[in-house]
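Hi everyone, thanks for coming.

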Amino acid sequence: MQKLTEKQIDLRNFSFDSKLLSLFPAQFAYDKRIVPLWQEGEQLYVAMSNPGELELLDELSFVSGLTIRPVVVALEQLRGAVEECYVDRLLEDAAASPLQVLTEESVEAVDLAQMAQEAQTVRYVNLLFHQAAGEGASDIHLEPFEQEYVVRFRIDGVLVRVSSPPASMHAAIASRIKIMAGLDIAQRRLPQDGRIRLRIATRQIDVRVSTIPTLYGESIVMRLLDGANVPLGLGELGMAEETLAVYRKLIANPYGIILVTGPTGSGKTTTLYAALREVFTEEKKIITIEDPVEYQLTGVNQIPVQPKVGLTFARGLRSILRQDPDIVMVGEIRDPETAQISIQAALTGHLVFSTLHTNNAAGGITRLLEMGVEPYLAASTVEGIMAQRLLRLICPHCKESYHDPQLAADLLWDDDTLWRGRGCPECHHSGYRGRTGVFELLAMNQELRELTLQRASSETIQLAAKRSGMSLLAEGGWEKVRAGLTTAAEVRRVVAD
């Protein structure tokens, strides 16, 4: 009988040997949850979670031709190591697997449901989700073209192309995803939306699925919402100290409206969650209505919007106010009705958090007025508006310095030393890894309330807020460049200077 090694291995920083990995077929190793670690003579040390499976030990010995010495590894670490070592090979194998070439005419005649359950298709889709989750992707894009099927992940806000299967697989993959999302696989000429709930290792991931018909098949975009991600605290978002201090004062108000603005994917919901965590106490009742609920907050009543059964933001907000809340979060003010109810909630003694789609903080005022909110109501209820963007951070693994005298002169800096990422495997050769926020906070004061009553333009409101000490998005971005956190190119890409 093989003997269990007593040495415990930490696989988080382990350097795996590609020659040893090739001793076992990728699918075999993935299914059995094993990873070869090192070899000593005729003995092969293999990471596994249950060394008592004698049949598995015999099978490993037969396949490798070596004596197996099992090494016990924590299950979570083992799963991560298996995915790290074998997912790429499995994707290559799946992409290389033969599949029937389909034309638009032949698709009508085949059983799409049966195609979707074929081993190659199921394996590829499963591995696609594993790979996306492992690389921290927020979205998966599947795009069929005449000669290729393009797969891209959105990582740190930017699309990155990954290994793609043959174009012939697009119908089967689309059908598999639509079955998982509860969509009609026979309907390929109209857009559809659905959701999938997955468990990958110990993480529960909700996937929002959107399909649209294109010239060469259905384009699919999937948004991954990882419930295992712990929402950040306010101090971890990247706010300047002065901005953070003012924002903390605003959210301590007993009533009023606090808005966060910015485009889709700019981190607005994360900021709102951080604010809710900051103000939560056992003495306060907090209720949210969201589309969808992205993270679960302990002690907070969270309601998902369900338009199919008539539960919209406006209708849900009306019901929330009958639940005697102290603080309400509305995922987005997207119509006049929701705006009016939010205003009334603030007038009746509630603290309301919500988001808007505007380019800057001052634009939040004019957007409310455009929705039909009376100027005197906006002036008396809005306490603050935060605009934000997300900037990619320079990859710490390939960070290097360089000099830019012209930029330093333009920005009146004494030191022209800047930083950038060369590009390495850790950052997909992009030079960036991770993101931080850049913010501008408009805190209402008497002058700004009077400008709101006068229906002043957003430019006039912004100039007044700047005189009151508001730092603009671009200014915050350049400060992060000066601190060596991001690059000038990234600020120019994200922020209108």
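Let me begin with a question: how are α7 and α8 oriented to each other? Please keep in mind that what you see is a predicted model. Helix α7 covers residues 119-134 and helix α8 covers residues 170-180, and the two pack at an angle of about 70°. An angle from 65 to 115 degrees counts as roughly perpendicular, so α7 and α8 are roughly perpendicular to each other. Their axes lie 9 Å apart, and the crossing is right-handed.

Who meets whom there? On the α7 side we have T121, V122, Y124, V125 and F129. Facing them from α8 are A172, I173, R176, I177 and M180. If you sort the residues of this contact by class, eight are nonpolar, one is polar and one is charged.

The protein chain has 497 residues, of which 48% count as buried. Its secondary structure comes to 19 helices and 18 strands. Along the principal axes, the C-alpha atoms fill a box of roughly 80 × 60 × 50 Å. And here is a number about how the sequence folds back on itself: taking contacts between residues at least 6 apart in sequence, 63% join residues at least 24 apart.

Here is one pair of residues with that kind of spacing. I68 sits in strand β3, residues 67-72. L44 is 24 residues away from I68 along the chain, yet the C-alpha atoms of the two are separated by 5.0 Å. Is I68 buried or exposed? Its relative accessibility is 0%, so I68 counts as buried.

Now to a charged residue. E143 belongs to strand β4, which spans residues 139-144. Where does E143 stand on burial? The cut-off for buried is under 20% relative accessible area, and E143 has 15%, so E143 is buried too. The side chain of E143 has a partner: a polar contact of 3.0 Å joins it to the side chain of R152. Leaving out residues up to four places away in sequence, E143 touches E148, Y149, V150, R152 and S219.

Back to helices, and to α9 and α10. Helix α9 is residues 241-251 and helix α10 is residues 268-279; their axes come within 10 Å and cross at roughly 65°. This crossing is right-handed. From α9, the residues involved are Y247, R248 and I251, and they meet T271, A275, E278 and V279 in α10. The classes here are four nonpolar, one polar and two charged residues.

Helix α16, residues 446-453, and helix α17, residues 458-467, have axes that come within 10 Å and cross at roughly 175°. How do α16 and α17 run relative to each other? Angles over 145 degrees count as roughly antiparallel, so α16 and α17 are roughly antiparallel to each other. In this contact, α16 supplies E447, L448 and L451, while α17 supplies T460, I461, A464, A465 and R467. By class, that gives five nonpolar, one polar and two charged residues.

How values were computed
Residues are numbered from 1 along each chain as its sequence is written. Side-chain values use heavy atoms; hydrogens and water are left out. Axes are lines fitted to C-alpha atoms, for helices over the stretch in contact, and angles run from 0 to 180 degrees between N-to-C directions. Helices (H or I, at least four residues) and strands (E, at least two) are DSSP runs, numbered from the N terminus. Angles under 35 degrees count as roughly parallel, over 145 as roughly antiparallel, 65 to 115 as roughly perpendicular and the rest as oblique. A crossing is left-handed if the near helix is turned anticlockwise from the far one by less than a right angle, and right-handed if clockwise. Contact means heavy atoms within 4.5 Å. Ala, Val, Leu, Ile, Met, Phe, Trp, Tyr, Cys and Pro count as nonpolar, Asp, Glu, Lys and Arg as charged, and the others, Gly among them, as polar. Buried means under 20% relative accessible area, exposed over 50%, partly exposed in between (1.4 Å probe, protein chains only). A polar contact is a pair of N or O atoms within 3.5 Å; within protein, one must be able to donate a hydrogen and the other to accept it, and residues adjacent in sequence count only if both atoms are side-chain atoms.
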